[in-house]
Amino acid sequence: MAEYIISILLLIGGCFVLVGSIGLVKMPDFFMRLHGPTKATTLGMASLLTAAMVFFSTTGEGLSVKEILISIFLLLTAPISGYMLIKSAIHHKLDSIERTTGKDNIEDDV
Amino acid sequence: MLETVILIVFAMIGISLLLNLWRLVVGPSVPDRILALDTMYINSIALIILYGMSMGTALYFEAALLIAMLGFVSTVAVCKYLLRGDIIE
Amino acid sequence: MRLEARFSWLPTPFRSLLLFVVWLLLNNTLSLGHIILGAVLAILIPLATYPFRTKQPLIMKPGLALRHLLLVLYDIITANVQVAILILGPTKKLNPGFVKVPLDLTHSMPITILASTVSLTPGTVSAEVYPWLESLPEGEDPSQRYLLIHVLNLQDEDALIKTIKQRYEAPLKEIFEC
């Protein structure tokens, strides 16, 4: 039973990580590329780590919950690194593709 | 069954690492490369956890945690360098 | 909004709780020795580092905060499925856009939490908080702040702003009582 749960969680996690990387390659400009890694990869990792948690709880000695620490850490830091990246992209005046709306909402930084 | 699934997920993570590497090499801008590098960090955590599972040992957990922390700090430091031309002001 | 905690020996109750839980998780144990050591560390470390930090508003309604956390976690999961479909679908159909959301929050801590929540939920990444603090006269607080977000597939700008304000900002205002 636990084996099925671990397998499903692992496959979901692998798919999400793969989708995040596909988004990184496929999207036409930087701001759209950022969406894949900040969201899909984070959930993929959370799913993989939950699988690891179930795996070590059932095979090892006793309950193992420390994997949840990495999930929490990634969940907390993903938006921050995304924010830093988009801030440096705006600072370097990277081009977004032409059909992007509301580009005049970006103000020049000091 | 679990061994097969772990192998499949290994392959998935490997493909994502290759895709990230492509973005890292092609660019075209510096933030793109940093983003690719950050994603590679996270994917390598996944690889380490999977390796630990296939070996049946929880020893690699600390390594994964350290990579997560160093990856985040280095991403923020490089972004800060891009923004200000300086890391510690 | 309250900055000072009730007890002077416990200046930041939630940070202490977080330290205690992380200590127990790292050691992966519930033995008495680690509980005592963790509790001592969770009280001593915030006391030692408290003078260096800027004072942050305290969580006034823990129950509501927990409910908001669960809502955000649920949203993260649904958001990821949506974003995965958007990424795998045709790129040409996406309408990316920048949207400026007016904020009711004033303190930097709730704004940070709101920006992180926005980054993790459907198709949006927060980019910047306007106005620039450097462009204002020294020590002056801006009366109205804006959050600039990038949307992967923008369909209805007003509906999106309304969702963010009602679903994520209103609970934060209540939690921090500001």
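Student: At what angle do α3(A) and helix α2 of chain B pack, and how far apart are their axes?

Tutor: Please note that this is a predicted model. Helix α3 of chain A spans residues 35–59, and its partner, helix α2 of chain B, covers residues 30–55. The two pack at an angle of about 15 degrees, and their axes are 10 Å apart.

Student: How is such an angle classified?

Tutor: Angles under 35 degrees count as roughly parallel. α3(A) and α2(B) are therefore roughly parallel to each other. Their crossing is left-handed. On the α3(A) side the contact is made by P37(A), T41(A), M45(A), L48(A), L49(A), A52(A) and F55(A). α2(B) contributes L35(B), D38(B), T39(B), I42(B), I45(B), A46(B), I49(B) and M53(B). Sorted by class, these comprise 12 nonpolar, 2 polar and 1 charged residues.

Student: Which residues touch the most other members of the largest nonpolar core?

Tutor: In soluble globular proteins, nonpolar side chains tend to be buried together. Here the largest nonpolar core holds 79 residues, and those touching the most other members are A52(A), I86(A), A46(B), I49(B) and I149(C). Helix α3 of chain A gives the most to this core, namely 11 residues. A52(A), A46(B) and I49(B) also take part in the contact between α3(A) and α2(B). As for I149(C), its contacts beyond four places in sequence are V99(C), V101(C), V118(C), T124(C), V125(C), S126(C) and A127(C).

Student: How many residues do chain C and chain A give to their contact, and how far apart are the nearest C-alpha atoms of chain B and chain C?

Tutor: Chain C gives 36 residues and chain A gives 39 residues. α3(C) provides the largest share of the chain C side, 8 residues. That side divides into 22 nonpolar, 11 polar and 3 charged residues. Chain B and chain C, by contrast, do not touch, and their nearest C-alpha atoms are 9 Å apart.

Notes: Residues numbered from 1 in each chain as written. Chains lettered and ligands numbered in written order. Predicted model: local features only at pLDDT ≥ 70, side-chain atom pairs only at ≥ 80, totals over all residues. Core = buried A, V, L, I, M, F, W, Y, C linked by C-beta atoms within 7 Å. Buried ≥ 20, exposed ≤ 12 C-beta atoms within 10 Å, placed from the backbone. Helix = DSSP H or I, 4+ residues; strand = E, 2+ residues; numbered from the N terminus. Contact = placed C-beta atoms within 7 Å. Axes fitted to C-alpha atoms, helices over the stretch in contact; angles between N-to-C directions. Parallel < 35°, antiparallel > 145°, perpendicular 65-115°, else oblique. Left-handed = near helix turned anticlockwise from the far one by under 90°. Nonpolar A, V, L, I, M, F, W, Y, C, P; charged D, E, K, R; others polar.
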